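The sequence and the structure come first, and my entries follow.

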Amino acid sequence: FKSHRPRRKQRARYVDTSSDSGDTGVTVWDASLVLSFLLCKHPELVEGKRVLELGSGTGLLGVICGRLGAESVLMTDLSRSEGKGGLQAECPVAARMREAVIRNCPGRDVRFAPLEWGTEDAERVLH
């Protein structure tokens, strides 16, 4: 990474996931890119540390932390999403996360757990 400055100004995209579960976890937010560049420049921020990522989405930051030497990484996001008509549908985020870990973090303690904030299940996942 020679330059960490974007070539042109870009705006963050807001993705409304309330009506289509297929949109969850498919956007890499600008903040994620900026933090990724910062961590690559300063790996000591995560090296040897335990990392918890809430709302991991595409899993970019969790994978970066794993590759930079974090002791362990727990990436979390929804496993189910409310689709049209209020029906619960499987959210493809979990499959994408697991694939990202398999491809990018072999032999490292990087894992994904479904987590819905504000539920009793959250305590089980985090301990």
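**Entry 1. Helix 1.** Before I checked a helix length, I noted that the expected span of a helix is 1.5 Å times one less than its number of residues. I also noted that the model is a predicted one. I then looked up helix 1, which covers residues 30-41 and has twelve residues.

Next I asked which residues of helix 1 are buried. I found Ser-32, Ser-36 and Leu-39. They cover an arc of only 70 degrees around the axis, so they sit on the same side of helix 1. On the face turned away from that buried side I found the exposed residues Ala-31, Val-34 and Lys-41. I recorded helix 2 as part of what covers the buried residues of helix 1.

**Entry 2. The whole protein.** I then stepped back to the overall plan. I counted four helices and five strands in the protein. Read along the sequence, they follow the pattern α-β-α-β-β-β-α-β-α. The protein has 127 residues, and 34% of them are buried. The exposed surface comes to about 8900 Å², of which carbon and sulfur atoms supply 52%.

I also looked up how far apart in sequence the contacting residues are. Among contacts with a separation of 6 or more, 52% join residues 24 or more positions apart.

**Entry 3. Helix 2.** I wished to know how many residues of helix 2 are buried. The count is six of eight, and helix 2 is therefore largely enclosed by the rest of the structure. The buried residues are Leu-61, Gly-62, Val-63, Ile-64, Cys-65 and Gly-66. Their cover includes helix 1, strand 1, strand 2, helix 3 and strand 5. Just after helix 2, I noted that Gly-69 takes a positive phi of about 100 degrees.

Entry 4. I then looked at strand 1, residues 50-53. Val-51 and Glu-53 form its covered face, while Arg-50 and Leu-52 form the uncovered one.

Which way do strand 1 and strand 2 run, parallel or antiparallel? They run parallel, and four bridges join them. Glu-53 has Met-75 of strand 2 as its bridge partner.

I also looked up Thr-76, which lies in strand 2. Thr-76 has a relative accessible area of 0%, so it counts as buried. Leaving out residues up to four places away in sequence, Thr-76 touches Leu-52, Glu-53, Leu-54, Gly-55, Ser-56, Phe-112, Ala-113 and Leu-115.

**Entry 5. Helix 3.** Helix 3 has twelve residues and reaches 16 Å from its first C-alpha to its last, close to the 16 Å expected. I listed Val-93, Ala-94, Met-97, Ala-100 and Val-101 as its buried residues. They cover an arc of only 125 degrees around the axis, and therefore lie on the same side of helix 3. The face turned away from this buried side carries the exposed residues Ala-95, Ile-102 and Arg-103. Among the elements that cover the buried residues of helix 3 are helix 2 (60-67), strand 2 (72-77) and strand 5 (110-114).

**Entry 6. Salt bridges.** My last search was for charged pairs. Side chains of opposite charge can pair when their charged atoms come close. How many salt bridges does a search of the whole structure find? It finds two.

I checked how open each partner is. Glu-99 is partly exposed, with a relative accessible area of 34%, whereas Arg-103 is exposed at 63%.

The side chains of Asp-109 and Arg-111 also meet in a salt bridge, at 4.0 Å from N to O. Asp-109 counts as partly exposed at 42% relative accessibility. Arg-111 is partly exposed as well, with a relative accessible area of 46%.

Notes: Residues are numbered from 1 along each chain as its sequence is written. This is a predicted model: local features need pLDDT of at least 70, side-chain atom pairs count only at pLDDT 80 or more; totals for chains, interfaces and linings use all residues. Side-chain values use heavy atoms; hydrogens and water are left out. Helices (H or I, at least four residues) and strands (E, at least two) are DSSP runs, numbered from the N terminus. Buried means under 20% relative accessible area, exposed over 50%, partly exposed in between (1.4 Å probe, protein chains only). Contact means heavy atoms within 4.5 Å. Accessible areas come from the Shrake-Rupley method with a 1.4 Å probe; for residues, only the protein chains shown count as cover. The arc is that of the directions from the helix axis to the C-beta atoms. Two strands pair if DSSP finds at least two bridges between them.
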